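Hi,

Here is the structure I said I would pass on. Have a look at it first, and my notes on what turned up follow below.

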Amino acid sequence: MEFVRLGRTNESVSVAGLGCGGHSQLGMARGATAQEAADLVRRAIDLGINFIDTALVYGTEEAVGLGMEGRDRSKLFVSTKSWVGKGGAETEPAYLTPEEFTANLESSLRRLKTDYVDLFHLHGVSLAQLDYAREVLLPEVRRHQQAGKIRFVGITEVFRHDTDHRMLQAALPLNDFDVVMVGFNLLNPSARKTVFPLTMQHDVGTLIMFAVRRGLNSVENTREAVAAMIEAGEVDPASINPDDPLDFLRGTPGIKSQIEAAYRFCRHEPGAHVILTGTGSAAHLEENIASILSSARPAPLRPTSRMARNRQGPRRDFRHSIRNSGN
Ligand SMILES: NC(=O)c1ccc[n+]([C@@H]2O[C@H](COP(=O)([O-])OP(=O)(O)OC[C@H]3O[C@@H](n4cnc5c(N)ncnc54)[C@H](OP(=O)(O)O)[C@@H]3O)[C@@H](O)[C@H]2O)c1
């Protein structure tokens with residue numbers, strides 16, 4: 001495993017982070033038991049991962065707690081989250097009260113079987129929710145931080161709606177958060193221009209989500225995701241091959257698969273710290289760690305001349321988000 005300094009937390013964390021949400025939820029979304037999910041957590045730790053990301057709504061905190069049993073807690077970096085809205089992301093104005101927010105933290109600690117979390121995020125915050133999150137909930141988080149239940153404070157965006165990172169662009173200059181979770185991938189690398197310059201300026205740690213997601217985990221799914229982008233007017237169909245949008249990757253020496261390319265693309269991005277990998281399969285986990293640890297992407301993974309040309313065109317280029325997302 002390779003380790004990276006997670007911004008101002010000064011913590012050394014694995015560049016591959018175990019994502020316990022997304023479509024897999026450690027396999028629990030497809031019927032795996034908490035014990036089976038805990039086996040995957042143990043496998044991840046044995047493979048050198050020390051960064052584990054979960055959330056109250058993922059339903060995987062108990063599995064993470066089981067997986068950590070008997071391990072040296074001080075060597076693991078555990079991240080969890082609570083929504084800001086009562087019914088999930090973007091449900092303003094039905095916000096959680098500070099008391100409800102605290103109850104969420106307490107239940108996370110119970111399920112994780114731990115006295116503290118290394119990182120507690122305000123989860124899936126939209127631009128409209130940011131003021132409430134900062135003014136009402138953040139003081140509550142700070143109180144728990146002072147009591148030793150939370151070490152560092154983070155915020156995550158709702159990438160499927162906030163594909164231009166408007167919330168993070170507003171939040172980062174205010175300098176409240178030690179770490180942010182941001183969507184970044186081959187289909188939408190816009191954080192390179194709008195988020196990473198700010199995180200680097202403020203020495204904020206970054207967790208990369210949506211590296212693969214559904215839209216990049218097979219050629220068929222990428223075709224579907226790109227067709228939706230074309231339909232929405234986000235991609236100029238003349239700029240790509242709609243039947244095989246990442247055709248430029250094939251035949252490139254050193255690239256084993258689309259998924260491998262997608263993880264490598266994120267890993268070597270300046271400003272990207274932990275690349276989250278979400279899976280319910282031990283074989284996929286091993287493959288994905290190997291991809292994240294492989295050398296910098298080969299040159300053709302930089303924007304091709306065709307992609308670069310399209311960036312200057314009048315319509316939006318090949319950079320917008322994957323549509324089919326779960327949380
Ligand atoms: N707003 C938020 O806070 C937020 C939102 C989204 C995600 N997250 C975090 O980010 C983590 C990563 O989530 P993500 O959605 O970006 O997931 P991801 O890790 O990019 O992709 C996961 C998807 O790809 C499949 N997959 C993974 N490796 C594969 C392989 N080698 N071959 C074939 N298929 C493969 C998985 O299915 P299999 O189970 O079959 O492998 C799953 O469907 C989440 O677990 C969560 O911790 C946070």
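Let's start with a loop: the stretch between strand S3 (16-19) and helix H1 (34-46) is where you will find Gln25. Gln25 isn't a glycine, yet its phi is positive, at about 45 degrees. Do keep in mind that this is a predicted model.

Phe210 is another residue other than glycine with a positive phi, in this case near 65 degrees. Look for Phe210 in the loop that runs between strand S9 (205-209) and helix H8 (219-231).

Phe210 also brings us to the ligand, as it is one of the closest residues there, along with Ser24, Arg213, Gly278 and Thr279. In total, 31 residues surround the ligand. Sorted by type, that shell has ten nonpolar, 15 polar and six charged residues. Which elements supply at least two residues of the shell each? They are strand S7 (150-157), helix H9 (258-267), strand S10 (274-278) and helix H10 (282-293).

And where does the ligand sit? The space it takes is the largest pocket.

Some backbone atoms are worth a click as well:
- Gly278: a polar backbone atom is 2.5 Å from an oxygen atom of the ligand.
- Gly280: here the distance from a polar backbone atom to a ligand oxygen is 2.9 Å.
- Cys20: a backbone N or O atom lies 3.3 Å from an oxygen atom of the ligand.

As for how covered the ligand is, it would expose 910 Å² taken alone, and the protein buries 93% of that.

Last, the aromatic rings. The count comes to seven aromatic pairs, taking ring centres within 6.5 Å as the cut-off. One to look at is Phe77 with Phe152: the ring centres are 6.3 Å apart and the planes are at 15 degrees, so this pair is stacked, the limit for that being under 30 degrees. Phe77 lies in strand S5 (residues 77-83) and Phe152 in strand S7, so the pair ties together parts that are 75 residues apart in sequence. Strand S7 is also among the elements that supply the shell around the ligand.

Cheers

Terms used: Residues are numbered from 1 along each chain as its sequence is written. This is a predicted model: local features need pLDDT of at least 70, side-chain atom pairs count only at pLDDT 80 or more; totals for chains, interfaces and linings use all residues. Side-chain values use heavy atoms; hydrogens and water are left out. A residue is near a molecule or strand if one of its heavy atoms lies within 4 Å of it. A polar contact is a pair of N or O atoms within 3.5 Å; within protein, one must be able to donate a hydrogen and the other to accept it, and residues adjacent in sequence count only if both atoms are side-chain atoms. Accessible areas come from the Shrake-Rupley method with a 1.4 Å probe; for residues, only the protein chains shown count as cover. On a 1 Å grid over the protein atoms alone, a cavity is a set of points where a 1.4 Å probe fits but cannot get out, and a pocket is an open set with protein on both sides within 12 Å along at least five of seven lines; lining residues have an atom within 4 Å of a point. A molecule sits in a cavity or pocket if more than half of its atoms lie within 2 Å of its grid points. Helices (H or I, at least four residues) and strands (E, at least two) are DSSP runs, numbered from the N terminus. Ala, Val, Leu, Ile, Met, Phe, Trp, Tyr, Cys and Pro count as nonpolar, Asp, Glu, Lys and Arg as charged, and the others, Gly among them, as polar. Rings of Phe, Tyr and Trp (its six-membered ring) pair if their centres lie within 6.5 Å; planes under 30 degrees apart count as stacked, over 60 as edge-to-face and the rest as tilted.
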